[in-house]
Structures are given as C-alpha cells and as structure tokens.
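The following paragraphs lead through a multi-chain assembly, chain by chain and then contact by contact. Please keep the sequence and the coordinates at hand while reading.

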Amino acid sequence: MHDRSIQLQLGIGAVIAAAFLLLVAIPTWVSSPSNVPNIILSPLFWPWVLSGLTGITGLGMIVTALRDPASTEPEASDVDDRSRAWGRLVSVAALMGLTMVLMPRIGMVWTSMLVFAATAFLVRTSHPKTALVSAVLVPLVLYAFFAHVAGVAIPQGDFVRLP
Amino acid sequence: MNFTKIGMACALTLGMTATAALAEYPERPINMIIPYGAGGATDISARAIAEALTAAAGTPMVMSNVTGAGGATGSVAVQNAKGDGYTMLFARVGSHTVNPAMKATLPYTLADFRFVTVYEINPVVCAVTPASGINSMDDLIAKAKEGGVSYSSSGVGSLLQLAAVMVLKEFGIEDPLNTTVHIPQKGGGEAATAVLNGTVTFICTNSSALAGFVANGQLKPLLVTTPERLGGFDAPTATELGKPSLEQLVGWTGIAGPASLTDEVAAKWGEWMATAVKDEKFLAVMEKAGSVIDLMSPDEAKAFIDGQYETFRKLVDELGMRIEG
Amino acid sequence: MSFTDNLMLGLSLVANVESFIALGLGVAVGVIAGAIPGMSATMAVALTLPFTFALQPITGILLLLGVYKGGIFGGSIPAILIKTPGTPASSATVLDGYPLAEKGQAGKALGMALWASCTADLISNLALILFAGFLASFALNFGPPEFFTLMLFSLTIIAGVSGDSLLRGALSAMLGLLLATVGLDLIYGTNRFTFGDANLMGGLNFIAVLIGLFAIPEIIAMVWNPRAFDGQKRSMGKSWVTFADYRRCFKSIVRGSFIGVFLGAIPGIGAAPSAFLSYSEARRTSPNKANFGKGELEGVAAAEAGNNGVAGATLIPLLALGIPGDVITAIIIGAFMIHGLQPGPMMFVLNADIIYALFMGLIVSSVFLFFIGTVAIHGFKYVADIPRGVLFPAVLVLCIFGVFAVNNSIFDVGVMFVMGWVGYFMMRYKVPAAPFLIAFILGPLLEDNFRQAMLMSGSSPVILFRGPITWFFWTLTAITVFAIIRAGIKATRRHGPLTTANQE
C-alpha cells in the first residue's frame, strides 16, 4: 500500500470511529447519573472530548493525504502469495479463538501444547523436530514453574489434571 | 453379561467414585481468591491465615489475587465457580455489604454466595491532619455545616465512602451528599495520602490503614467504632459520643463459596477455621494490624452480614446514593 | 544520638552474613522473576513477603528490596530479547532494545541496560539518603491540580515517540486514551463500555494490553510472512558494551536518573512514565535523533536509567511519610508493619539505626545488581540464538501463562490476543505503538486528577493554576507544544510534500 492511501484510509477510519462513538457508542454504553452538578464532572465528558479529538485527527490525516501527490511507483508486495498469507492469518485468529474455548475446559497446559505445535506449523518452522519436542516440554516446564514455584492456580480443566 | 449388568456396574463404580471424592475433600489444592490487590488489608489477612489453614486442611491453599472494580471481578469469579469447594473467596466488607447496597448494576447479590465464616473484624477510625485545626467530632461537624468539608475514599462503593457519609449523618448533617464533597481516589493508600496532603479534610477507614500515620503523629484520630477504646488511637468511641449505632460500622473479612457449596464442604471449613484462628503467627500478624479475631459460625456470619447490609441499604436509599447506571 | 552513632549502629545491623545473603538472594530472585513476563517485580515481592515473617526485620526488608531492584532490571531482559516487556516500566526499553537485538547486538543492549540501571540505582539511592526529607515534603505538595499539569506535560512525550508522522502518533494516542476509559467511572462508579461484564468493570489489564501490543504482533507478522524471517539469523549476542559507549550515553543516564528520582518521590506515578520521559528527553537532545526507535544504544540507556532511578526514590515517601508510591512499596510497607515498624517521620527518630542500615544495604544492592545482572545477561542472551520457528511459538505460550498469572484471569489472555491484532494492524498501517501505551498509562491519571481537582474547587478551573508547581508545568507544556509545532512547520517547509513519500 502507498503511504498516501494508508493515510487516507486511517483518516477516514478515524472520522467514522469518532462519529460512531459520539452518535452510538457513548449514548448507549456510557451511563451517567442524572444529578451531576456540572458537565465537566460527568462520566460522559472525557469520552466526548476524546471522540472529538479523534475526529479532528482523522480530518487532519485526510487533508494531508489529499495534499500529497499520488505516488506512481508500483506497489511491491511483501509476500509471494497473498491469499495463502491471509489464509494463515485467519488460521492464527481461529487458533486464538480456539485457545479461549479450550483453556477452561481441557486446561492451560494441554491447550498450550496445541498452540505451540500449531504456531510452529503456521510459521513453517525450519526445525520441526525441535519444535515438536519443545511443544511438549515448554508448557510442562512453565506449568511446573508457575504452579509450584510462583504458586499460581493454573487452570487445569475437567479431564487430565497435573499434580 | 447383559446390558443391565454393565449399566449397573458402571453406575455403581460411578457412585463409588463420587462418594469417595466427597469423602476425600480436599483431594487437591484449593484455590482461594482474594478480590483485592497485593499489600492491602484483605491480602495481608488472607495470606496470614493461609499457612494455618493449609496445616489444618492438609492441602495447599493457593492464594490468587483477582482485582478490579472494588472487589467485584474476583467475587464474580467465585460466583460462577463450581460448588465443589475448590474455589473459595475471601469476602470483604466492600465487596459484600457496601457494594451490594450501593450498586444496582452489580453482577451478583448476597444470595449468590454461601458464607462459611467471618473471622476478622476491623474497627473504623475517622481522622484528620493536626494542621487542620480540628480536634474533635464537634469541630468537624461545625465545619461541615459551614461547608467546604471533603473526605476521601478508595473509590465509589467502598467502605470508606459509606463510613464517612454514615458518620456525618449520625452526627446531624441532614444531607451529607450535598453539604460535603466526596473525592474518590484509586485505592486505600491514595485515600490516606489525600488527607495528608490536604486534598480532603477527613477520612474514615479501617484502623489498620491509619495505625502508622497516627503513631507518627501525621494524623489525628477523632472517633473509633469499637465498644472500648482502641490501643494506639487516642480518640473517643462512638458510644462515648452518644452514637452507639455507629458500632455497626466495621470492616470484616470472611470466607465464602458459591451458593451451590455443599454442606460437607461447609462443615469441613468450620473445623479448619476453628483450628486456624488459634495459630499464634496468624494472631500476631492480626494483632499488629489492629484487628479483632471473632470466629463466626455460618449462621452467625450470615446474620451479621445481612444486618450490616440492611443498615447500609437503608442509609443508601434514604440519601439516594444508589448507583443505577 | 549523633549521625555517626546512628551510622555505626546501622553498620552493625547490616554488616553480617545474613544481610548480605538476603540482599544477594533477593537481587537474584528479582532478576529471574523480572525476566519472566507476567511474573514482574510486583509478584516476586508479593511471593517473597511470607518468607520474611520469620527473619530479622532488617534482613527481611533487605530481601524484599533486593527482589524489587532486581525485578526492575530483570524486566529489561525479555523487553530486549523477545519484545515482551515483563513490567510496564521496561516498555520504553523495547523501543530501541529490540531493534538492537534484531541487529545481533543483544549483548550490547543488555549490557548497556545493566550499566545504566546500576548507575541510576546508585544515584537514586544517594538521592534517597541525602534528600529524603526535602523530596518528601515536596511530594506532599502534589495534589490533584499539580498531578493534572504534570500529566498534561507528560503527554507531550507522545510527540517524541511518534516516529515520522505526528498525526499517526496522535491517532495512536487517542486509541489508547479511549481504551483506558473502559471500566467503572472513578467519581460516580457508573459503567463505561463494560457491557455488564465484571471482567471489564476493572478496566483492561495493563500487562495484557502491553504484551498484546508488543509481542503478539511480531508473531502474527511472522505467520503472515514466514520467509521474511528465514534468511536473517540473529548472531550470537557476543557483542558487549564498551566503556566508550557508556561515556557517550552518560549524560542521558544521569538525566534519566534525576527524572526517575523526581517522579519516584511523588507517590502514584510509577516507573513507566519516568522511563518514557527520560527516553524522549534523550531523543530530543541527541545528535542521532533519527536513529531513535531503530536501535539506538542511548535510547536503551535513557529508558533503563529512567525506570531504575525510580526504585530508590519510591522509598522516599515510604520511609519519610509512610505513603506507598506504588503496589510494590505497598507490599514493602506491609512487611514493615508485620515487623512492628511504622514508616514515617517518627521512624527516623525511633528506629534511626534501621533506617541507616537500610541505606547502607541499598548502596550495597547496587553493587550486587551489577554482578548478578552480568551473570544473568550471559545466561539469558543465548535466547537470541534460538531459531525463530521455535522461539516465537515458545514466546506465545510464555505470554499466555504470564498474562494469566498477573490477575489469575483467562479473560486477560483474550484481551492480550485482541490487542495483538490491534497491534498487528497498527504495524501494517505504520501507526506507532508507543504513543498508544503512554496514553493508556497517563490517560486515566489525567482524567481522574482533573475531575478530582474540579471536585475540590467546585468546578472552578482557577484551581489548575494554584501554586508555583502548576505554573511550572504549564510553562513547560507551553514551551514543548510550541517547539513541536515549530518543528512540524519547519519539516513541512523544508521537505514539502516529499516527507511522506520518502517514507516508503
């Protein structure tokens, strides 16, 4: 992406976000007691100020972007195959979601082993054997340390519990 | 073997393991949630009793601080836990009487918890700086009637806020919310600092939080809420000043599980606590913090907490302090 | 009792084997704990506390102080090696430390971090010993209006860490300020963007946001393009800091130390703002301004000096007034109380021997930190040699454990993941992350102190101009803002529209 279009996209995004905050989010999700003596003391005041400033920043970005001449250089892609790269990104997002689901159910240690192995696969590790061994060992060592040295109650899940 | 037999065998085995598991409670470490941060009054109290409890229960007690929202985050973590007795809460006056009385949006009520005990009571002390020229409650009240008096707290819905309001109300300020100013701070330490640096006029909080400042002559106590005078605090009691109802105003620490906690677990906890509170090291730490050890049975604890909740709730409703949003 | 008497009494308390063992052990535990993200100095001190119950008061407190000092330095190790600041205080160290490690100069960066830390530690301890009384009474002059103006001034740091585009820095800061509003309102206790969830009521956990913003985007970036990381291998971190490097950075280190002492003496600010302020000052005055954020050794030195300068100074309000400046000192106060000591003005009269023993122990701790830190660096720097295909998954798992441990909350792990994506897209859109972080730390302080000041004065803004301290910070803020605007205009004139195009 060109810097100019980044700036433009960011600016438009900021303006939209500010409008959303001012018109929808703040009225719906920020509550204020009815007996606030002065507007500057209201819980709404600071979010309003911030949303306003975000909007102004966004406008500033749009203006600077429009003032810049468009670059004519062709865009150099950082990856060979964008669709596969996006596929990997979606996988890592799914992996994170899965982690959140699995952690309370099967326990943090087993989930971490899965996360380790899956991440190593996604980054196409050049040392698959080391990665696989570490996938088993690292969570176990971390568990031993956090649970028994630091005294943290690491979630154990409902199935296989570690001592 | 036919199906019924297998089924029966399975049921039997399951039943046996189930009863065995119950009989063996505790068979693994118990996770004790402290809903306030490290170094605070609740944390010190919890960690002081942890060792004695571990010895009494014969299983490790893992202390976990889950902080946030004036104790609500940690309390909710226990509210949603299983009632198997492996997740228990150090409940505190702020999280379990003041908060429920003041906040309509709190995600839990007292009915969501089963108390196994209240073991510690901290009296409340009100104090000012010597530089303020205030020497007694009468001085403070006279000044409050003129206007311009403020008090600090460790946040909205904390004991500190309610204590100050309740004291002012008892001493004849009809509308404490509009005649005086509440300036909330981020925590107990900040609240004490605010009195010291003159941001506010007075503070009412647990004696343990002020003992150091009083001993060093940085703060002057005006009132204690114990029936008798408190060692180290040269101040009259609430009863001496003719306000015995302020004796309700005390901090406490107790232990609770989720509402689904079984009777067996509750009974075990009763036994353990009876042993643990006799531990000398625990007693020494608590004495230095100015606390009174008063072990209550589950019923006594419930009556005590409900009583305090009702008192606070009445005050909150009367003054329109309830937070609806 | 005279000064020498107290000194001798203190010496007799501290000059024994137990005290030295306690200090050494404390520093070692602290460095290791600080080096593990999620463990942090705070947790290490909290965990050590029960062990001190059985010790002599002075031994126990020295043990805790050792852990504290070690922990603050230890946080810089993962910040430099794996871009995962173990403590908020070391987030400024990431800015230049990680790029240095990328260039194969992990050893140099770590060495400089240690040297700067020890120097700042020493200066901070000396300040504590010499000016405790003066700085404490100064700190008591800081009410909400003074805090507000100080925070306003500190927000101008954002301009210094915004990189090439001030507007993007501002956008990043706005995002940080907005996210910091999540939680219960301080003054009225009402909900702001909590959606009725108890986990959100406490606000977003700071460490979760921090690690999410710095460490996770690196991992996602590697998933996006594994090839980019294939070729470059980080060489063994054999490089080591030289005395010439130290001399070059000495001015920044001393400046950072004094910023640390000054901010540390005021309760409630903490080490992170100090590190950022020191960093931005070093950048502003450096001849290599452009190199900051790309692997400038002086940036590491300034950031570490800024956060370690706080360590000794936070003991000023603790000892002189009995006020804890942060969570760690709150725990240490607990330790004093358990041993029957009550920090405050009277302690200098009643237990002067203990005070002097502590002072001497602190000076010795700086020396211990130097030696133990050197050993630790030599142990840890080989992390830089682990192949990334193994290191990055390990970092991810470490972050999961660490972030959970901070507040025993699985929800926080989710916050870290979400912030990881925010950080990743900020990276792709070339929006700097540092302003976000500073704003996230300072935003709530700014708002809370503003509203507290308004409550004090009955909504009259005049209170924001009370006393010389507020005027001092208003003036500083005005000068800085003026300088930023002038620099901005100059840059536009000189390069014209080319500035942004050149960035590609």
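What percentages of helix and strand does the chain have over residues 132-154 of chain A, and how many Å apart are the end C-alpha atoms? In this predicted model, that stretch of chain A is 78% helix and 0% strand, and its end C-alpha atoms are separated by 22 Å. The stretch belongs to a set of annotated segments: the unreviewed UniProt entry places the feature "transmembrane region" at residues 12-30, 45-66, 86-103, 109-125 and 132-154 of chain A. Another of these segments, residues 12-30 of chain A, is 95% helix and 0% strand, with 24 Å between the end C-alpha atoms.

The secondary structure of chain A as a whole comprises five helices and zero strands, and reading along the sequence gives the pattern α-α-α-α-α. For chain A the radius of gyration is 24 Å, whereas a compact globule of 163 residues would have a value near 15 Å. The C-alpha trace of chain A extends over about 60 × 55 × 25 Å along its principal axes. The domain assignment divides chain A into domain 1 (3-67) and domain 2 (82-149). Between the C-alpha centres of domain 1 of chain A and domain 2 of chain A there is a distance of 38 Å.

Along the principal axes, the C-alpha trace of chain B spans about 90 × 45 × 30 Å.

The domain assignment of chain B gives domain 1, formed by 28-121 + 250-319, and domain 2, formed by 123-248. The C-alpha centres of domain 1 of chain B and domain 2 of chain B lie 25 Å apart. To the contact between these domains, domain 1 of chain B contributes 19 residues and domain 2 of chain B contributes 21 residues. On the side of domain 1 of chain B that touches domain 2 of chain B, at least two residues each come from α4 (93-102), β9 (250-258) and α12 (298-319) of chain B. That side of domain 1 of chain B divides into nine nonpolar, nine polar and one charged residues.

The contacts between chains come next. Where chain B meets chain A, the contact takes five residues from chain B and five residues from chain A. Strand β2 (residues 61-65) of chain B gives the most to the side of chain B that touches chain A, supplying three residues. By class, the residues on this side of chain B are two nonpolar, three polar and no charged.

Between chain A and chain C, 62 residues of chain A are in contact with 58 residues of chain C. At least two residues of the side of chain A that touches chain C come from each of α1 (3-29), α2 (45-67), α3 (82-106), α4 (108-122) and α5 (128-149) of chain A. The greatest contribution to this side of chain A is made by α2(A), with 10 residues. The side of chain A that touches chain C contains 38 nonpolar, 17 polar and seven charged residues.

One helix pair illustrates the contact across these chains. α3(A) packs with helix α12 (residues 206-224) of chain C at an angle of about 140°, and their axes are 8 Å apart. The angle makes α3(A) oblique to α12(C), because only angles over 145 degrees count as roughly antiparallel. From α3(A), the contact uses A:Ala85, A:Arg88, A:Leu89 and A:Val92, and from α12(C) it uses C:Ile220, C:Val223 and C:Trp224. By class, this contact of α3(A) with α12(C) has six nonpolar, no polar and one charged residues.

A further helix pair lies within chain C. Helix α4 (residues 57-74) of chain C and helix α15 (residues 297-313) of chain C pack with their axes 10 Å apart and at an angle of about 170°, which makes α4(C) roughly antiparallel to α15(C). The residues in contact are C:Tyr68, C:Lys69, C:Ile72 and C:Phe73 of α4(C), together with C:Asn307, C:Asn308 and C:Ala311 of α15(C). The contact of α4(C) with α15(C) comprises four nonpolar, two polar and one charged residues.

Note on methods:
Residues are numbered from 1 along each chain as its sequence is written. Chains are lettered from A and ligands numbered from 1 in the order in which they are written. This is a predicted model: local features need pLDDT of at least 70, side-chain atom pairs count only at pLDDT 80 or more; totals for chains, interfaces and linings use all residues. Axes are lines fitted to C-alpha atoms, for helices over the stretch in contact, and angles run from 0 to 180 degrees between N-to-C directions. Helices (H or I, at least four residues) and strands (E, at least two) are DSSP runs, numbered from the N terminus. Angles under 35 degrees count as roughly parallel, over 145 as roughly antiparallel, 65 to 115 as roughly perpendicular and the rest as oblique. Two residues are in contact if their C-beta atoms, placed from the backbone, lie within 7 Å. Ala, Val, Leu, Ile, Met, Phe, Trp, Tyr, Cys and Pro count as nonpolar, Asp, Glu, Lys and Arg as charged, and the others, Gly among them, as polar. UniProt positions are given in the numbering used here, feature names are shortened, and annotations may be inferred rather than shown by experiment. Domain bounds come from an automatic or database domain assignment. The radius of gyration is taken over C-alpha atoms; the globule rule is 2.2 Å times the number of residues to the power 0.38.
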